[in-house]
Amino acid sequence: MNSRQPIPVVVLTGFLGSGKTTVLNHLLANRGGTRIGVVVNDFGSIEIDAMSVAGQVGDSMVSLGGGCLCCAVDGSELDAYLEKLAAPVHRIDVIVIEASGLAEPQEMVKMLMANENPAIRYGGMVQVVDAAEFDATRARHPETERHLAVADLVVLNKTDRVDAAERTRIEAALGTLCGPGIPVVGADHGRIDPELLFDRRPWTETRGQLSFEDLLAEAAHQADEADGTDPADGAGHDHERCGHVHAAYESIEFVSEQALHPRRFLDFLDRRPAGLYRIKGFVHFGVPGHEERYEVHAVGRFLRFAPGPWGRGETRLTQLVLIGSGTDGPALLRELEACREPAPRQVPPESMWGVLRYVDRPADTPAED
């Protein structure tokens, strides 16, 4: 990861039994070469057997292997551990906070949004919902509606435990409880594509110890052997259960050598469909005073831009990847084509105001004129 870019902090929430720890373990097991910092309030919620062989690093931090670190904290310690995880020595790419027991999700989001540490940035809140216990959870925890109202992405977990009609009913209920356009991703056993939350990097290094992924792969191999399945012949090999859940999503790429008009692009983002789960990439606006490259990151309805310099000799282009399910790819591409601007130098600088609303700036850094 470029050390000059702040590390995204993703908040993972959900009531006891919803499956958020299962989601977290799935993300860790299918992260590619991405280095993840994990903040939890109880080590017991993570695969403790894997952690015990991965090695200790002390001070309430445990190495998960392959570059991942885990912290056990309470709410008062959170800022300190985020700062510690963001230290360049760890080279962390993304931090995931399992919010249970730490604070009300809304308060945690406010704290992260107000955090002035330039090494981190808020990366969105993901709420995990138990499909099989949806009504019971709402009755037992009235604050469910408050939590859903501030979520950027909802994972409807344990969909394998309800029939199609019940799932449709729950999704309709979530549509009224969540904010406008908040996407709902169905999952069983917490299996969502990590690409919905962060970029997986290719695993190219051997560090002399088993990584978290190696340990879980070894456990799966042993389970196959115990079941009498030969992993080599592919029999009984369920790609969905091995983390290849990306087959459930569509990925659309958009590249433009022409600049994009900031207002038209913001209009596109404002009306993006609920099935469009993630947008990532770089945008070239080319508006006077704002010629830098703008990294864009959207998870559900959460949106952030991060301006940065172009590389030496780098071509000024817009490059976007859109990940979703049930979306109309050609229609999305047509909408993006309509955002092109052939004469960006003639676009007034005030047209960038909408974009700049979604830019995090250190308190001592003035906005550009």
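Reader: Why is Arg169 called partly exposed?

Author: Arg169 has a relative accessible area of 36%. Buried means under 20% relative accessible area and exposed means over 50%, with partly exposed in between (1.4 Å probe, protein chains only), so Arg169 is partly exposed. This is a predicted model, in which local features need pLDDT of at least 70, side-chain atom pairs count only at pLDDT 80 or more, and totals for chains, interfaces and linings use all residues. Residues are numbered from 1 along each chain as its sequence is written, and side-chain values use heavy atoms, with hydrogens and water left out.

Reader: What makes Arg169 and Glu166 a salt bridge?

Author: The term requires a side-chain nitrogen of Lys or Arg within 4 Å of a carboxyl oxygen of Asp or Glu. The closest N and O atoms of Arg169 and Glu166 are 2.8 Å apart, so the pair qualifies. Glu166, at a relative accessible area of 26%, is partly exposed.

Reader: How are Arg169 and Glu166 placed in helix α7?

Author: They sit three residues apart in helix α7 (residues 164-177), which means a separation of about one helical turn. Helices here are DSSP runs (H or I, at least four residues), strands are runs of E of at least two, and both are numbered from the N terminus.

Reader: How do you know that Glu335 and Arg271 form a salt bridge?

Author: Their closest N and O atoms are 2.9 Å apart, so the pair meets the rule. Glu335 lies in helix α10 (residues 329-337) and Arg271 in the loop between α9 (262-270) and β12 (276-284), so the pair ties together parts that are 64 residues apart in sequence. Glu335 has a relative accessible area of 27% and Arg271 one of 48%; each is therefore partly exposed.

Reader: Which residues do salt bridges with shared partners join into one network?

Author: Asp135, Glu166 and Arg169. By the same rule, the count comes to 12 salt bridges.

Reader: Why is Thr137 called buried?

Author: Its relative accessible area is 13%, so Thr137 falls under the limit for buried. Thr137 lies in helix α5 (residues 134-140). Leaving aside residues up to four places away in sequence, Thr137 touches Phe15 and Thr144, where contact means heavy atoms within 4.5 Å.
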